[in-house]
Amino acid sequence: MDQPSAQDTAASPAAAIETRGLTKRYRGGQLAVSSLDLRVPRGSVFGFLGPNGSGKTTTIRMLMGLIEASSGGARVLGEPMPRAARTVLPKVGALIEGPALYGFLSGRDNLARFDAADPTADPRSRARRIDAALDRVGLTAAAGKKARAYSLGMKQRLGLASALLQPRELLILDEPTNGLDPQGMREIRTLVRELAEDGTTVFLSSHLLDEIEQVCTHAAVMAQGRLITQGTVAELVAASRGRLAVTTPDPAEAVRILKEHGVTDLVVQDERITGELPSVEAGPPEEPPQGAEGPLDLAELNAALVHGGVRVRSFGTERASLEDVFVSLTGEGFDVAG
Ligand SMILES: Nc1ncnc2c1ncn2[C@@H]1O[C@H](COP(=O)(O)OP(=O)(O)OP(=O)(O)O)[C@@H](O)[C@H]1O
Ligand SMILES: [Mg+2]
């Protein structure tokens, strides 16, 4: 599942982010990240998904060299971190859990400070960079307002603007839509897609499954500091096909036939039956090879019901969401770990 595709090896031999056995145990003894092997292909929009407390921010802090790993290592843009921080970090824009802002400065002046702190930034073009960044995150109108008067969503946008002052090869965004209203979330998603089209690799964490499904090409799922799975979003969702759902006035007979065809966990509610389809063979999600031993053919299953005298009102699979994937992989709900 995490095999590099031809596409991402062609673009660059190195992954944008690669970790080996990356582990963080905090001083109090909390094992926040455990033996993480992550591979983020260049050019991907990579969703780092996990419930609250699953180790996302801790991982990001290690990637950026803000905290030390207890063991294991990480490469960012092909270079070891934190050793190569000085050469790597200028190519990486980051937004990590609430940017450090000066409340008494305006949004624009906060950006000016960030820009001035960057030794590679030419002061003569500073104003232009700041205007462009403000415009990209939709803060132009509020640029003169003091940052302490910003809402959480506006602060989040300002943090994002600071990450966008320079063209970046990689953006690392920790919960970029945190605190935003639905409109703001849509804007950030659009922005992320635009940045990705320009060739920037975007690594974003989220505990919102929908968000990851909508904007990401790849995802990794974390639970309690451990990596549960990683791959393309299409693969992850395909690996957990939705449940079969049949509506019929003949539920008893339908259940018998479905059972014969390997459907399990059947639940009957009046005229509606749902069940788990036999597991899908590993392989390309779209079309199983003709005639090969593959997943159960839904058309045949439907035909079997009809041949068996079952009157079928509706027949299909419910779309699997990443949440289904998470629950099926961990056997747990998508809740905060204790
Ligand atoms: N500075 C710290 N000292 C001790 N424990 C910490 C520290 N920071 C985080 N932890 C613990 O490490 C675990 C992982 O926390 P982390 O902040 O990485 O999770 P997260 O996935 O980013 O969660 P969220 O979705 O809430 O942002 C949690 O159990 C948390 O309590
Ligand atoms: Mg976090």
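This is a predicted model: local features need pLDDT of at least 70, side-chain atom pairs count only at pLDDT 80 or more; totals for chains, interfaces and linings use all residues.
We may begin with the six-stranded sheet, an open one with mixed pairing, whose strands follow the order β7-β8-β9-β4-β10-β11. Its edges are taken by β7 (92-95) and β11 (226-232); each has a single partner strand, so one side of each is left without a neighbour in the sheet. From one strand to the next, the twist averages 10 degrees. Within this sheet, strand β4 (residues 45-49) and strand β9 (residues 201-206) run parallel and are joined by five bridges. A handy place to look is Phe46, whose bridge partner in β9 is Phe203.

Helix α2 spans β4, β8 (170-174), β9 and β10 (218-223), and runs at about 145 degrees to β8. Helix α7 (residues 182-197) lies across β4, β8 and β9, with an angle of about 150 degrees to β9.

With three residues, α2 (residues 56-63) gives the most to the shell around ligand 1. There are 13 residues around this ligand, and those that come nearest are Tyr26, Ala32, Asn52, Thr57 and Thr58. Sorted by class, the shell holds two nonpolar, 10 polar and one charged residues.

A further open sheet has four strands, ordered β13-β14-β12-β15 and paired antiparallel. Here β13 (264-269) and β15 (314-317) are the edge strands, and because each has a single partner strand, one side of each is left without a neighbour in the sheet. On average, neighbouring strands of this sheet are turned by 15 degrees against each other, direction ignored. Val246 illustrates the pairing, as its bridge partner in β15 is Phe315.

Turning to helix-helix packing, helix α4 (residues 107-116) meets helix α5 (residues 126-136) at an angle of about 125 degrees, and their axes are 10 Å apart. This angle makes α4 oblique to α5. The crossing of α4 past α5 is right-handed. On the α4 side, the contact is made by Arg108, Leu111, Ala112 and Asp115, while α5 contributes Arg126, Arg129, Ile130, Ala133 and Leu134. By class, five of these contact residues are nonpolar and four are charged, with no polar ones.

Note on methods:
Residues are numbered from 1 along each chain as its sequence is written. Chains are lettered from A and ligands numbered from 1 in the order in which they are written. Axes are lines fitted to C-alpha atoms, for helices over the stretch in contact, and angles run from 0 to 180 degrees between N-to-C directions. Helices (H or I, at least four residues) and strands (E, at least two) are DSSP runs, numbered from the N terminus. Angles under 35 degrees count as roughly parallel, over 145 as roughly antiparallel, 65 to 115 as roughly perpendicular and the rest as oblique. A crossing is left-handed if the near helix is turned anticlockwise from the far one by less than a right angle, and right-handed if clockwise. Two residues are in contact if their C-beta atoms, placed from the backbone, lie within 7 Å. Ala, Val, Leu, Ile, Met, Phe, Trp, Tyr, Cys and Pro count as nonpolar, Asp, Glu, Lys and Arg as charged, and the others, Gly among them, as polar. A residue is near a molecule or strand if its C-beta atom, placed from the backbone, lies within 6 Å of it. Two strands pair if DSSP finds at least two bridges between them.
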